[in-house]
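Welcome to this tour! Open your viewer, get ready to select residues, and follow along stop by stop.

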Amino acid sequence: GDDNSGRKVITFSCCRMPPSHQLDHTRLLEYLKYTLDQYVENDYTVVYFHYGLKSLNKPSLKWLQTAYKEFDRKLPSLAFNIFLTISFSFPRYKKNLKALYVVHPTNFIKILWNIFKPLISHKFGKKITYLNYIGDLREHLKYDQLNIPQEVIRHDENLWRKQKGKLPPVVKVPPPRPPLPTQQFGVSLQYIKDKSKGELIPPVMKETVSYLKRKGLQVEGLFRRSASIQTIKDVQKLCNQGKPVNFDDYHDIHIPAVILKTFLRELPQPLLTFDCYDNILEITSVESCLRVTRCKQIIQGLPEHNYVVLKYLICFLHMVSQESIYNRMTASSLACVFGLNLIWPLKGTTSLSALVPVNLFTELLIDFYTNIFNSRTVPGE
């Protein structure tokens, strides 16, 4: 899922750890590294569900020492009991972890944290938040997207009963308000077109892309950085109200970049459409020499409006990749950022196994933009 800033969220549930004698800890270590490697090139968040870690399934001290050596100067621990200590030193991992939420922490974890606190930077320490109840996550991320084990949910309910004498309150979601005539976020491309005198490219896309073309093409790490949550909400509000946005006023080139990603992510249907999801996942099974042709076939099947907007976006991302000597954003790097903002399944969240084909497909679109988009012209484009 995503947090409230659009950053990808990695969850770790201790209750799913099998007994230590049944677990291949070498494979666990490789899996943890593999999982984190999918995300750490960009800003990301970790949620650690501590409930369920017991003496039976707690890793041995020897394994923790091995894990520490493996992750030292590279990866963080998810909690002291799993990776020995929360230690980031390798720049891209340390810098891009923006928040670590420890849910249902025990006093033991808090005591250990106080012991190791002098050894950990103050800046990293500020990223850690203890949450006593699952519901506390709602103010930080898209809670409904999380895959939370039933054991953790039941434990949370039991804690509520003990502390409050009743079950946690049911959060009442108010009925959605009708969209404004100038609404940009959370509405369909067709809605925006109908309210924009038939313009195919949504105004918010035009504004962010044109601004980034002028001032952002050579900015290092473009699209990898996050921005202030409140600022993003303020800009979204202005866009939805049809008011002009002067990005110069914010003195942060990453704000229009985040706004563009947010727009794509909040579309009711992904730009590449739900119908293309399965076909995109099959791209890795296509012979390498035929993959560009297959991408082209899939793209040709898009509705006209989606095709035009996708072409506009990918043309811009191709331009960004051409400046990678300055911005360090290759087609592969951009694919890691945009892949999951262009396609996701109709039900549930994108699985870990889907990341590789989704990113590969997006990378091919960017790398071979001219070949893939050269044979279809849409009226009004």
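**Stop 1: aromatic pairs**

Searching the whole structure turns up eight aromatic pairs (rings of Phe, Tyr and Trp, the last by its six-membered ring, with centres within 6.5 Å). This is a predicted model, where local features need pLDDT of at least 70, side-chain atom pairs count only at pLDDT 80 or more, and totals for chains, interfaces and linings use all residues. Residues are numbered from 1 along each chain as its sequence is written, and side-chain values use heavy atoms, leaving out hydrogens and water.

Select F12 and Y48: their ring centres are 6.2 Å apart and their planes lie at 20°, so this pair is stacked (planes under 30 degrees apart). F12 sits in strand 1 (residues 8-13) and Y48 in strand 2 (residues 44-49), 36 residues apart; strands here are DSSP runs of E with at least two residues, and helices runs of H or I with at least four, numbered from the N terminus. Both F12 and Y48 are buried (under 20% relative accessible area, with a 1.4 Å probe and protein chains only).

**Stop 2: F223 and F338**

Next, select F223 and F338, an edge-to-face pair (planes over 60 degrees apart) with 4.8 Å between centres and 75° between planes. F223 is in the loop between helix 9 (203-215) and helix 10 (229-240), while F338 is in helix 16, so the pair ties together parts 115 residues apart in sequence. F223 and F338 are each buried.

**Stop 3: two helices**

Finally, show L313, L317, V320 and S321 in helix 14, which meet A331, L334, F338 and L342 in helix 16 (contact means heavy atoms within 4.5 Å).

Notes: Buried < 20%, exposed > 50% of the residue type's maximum accessible area, 1.4 Å probe, protein only.
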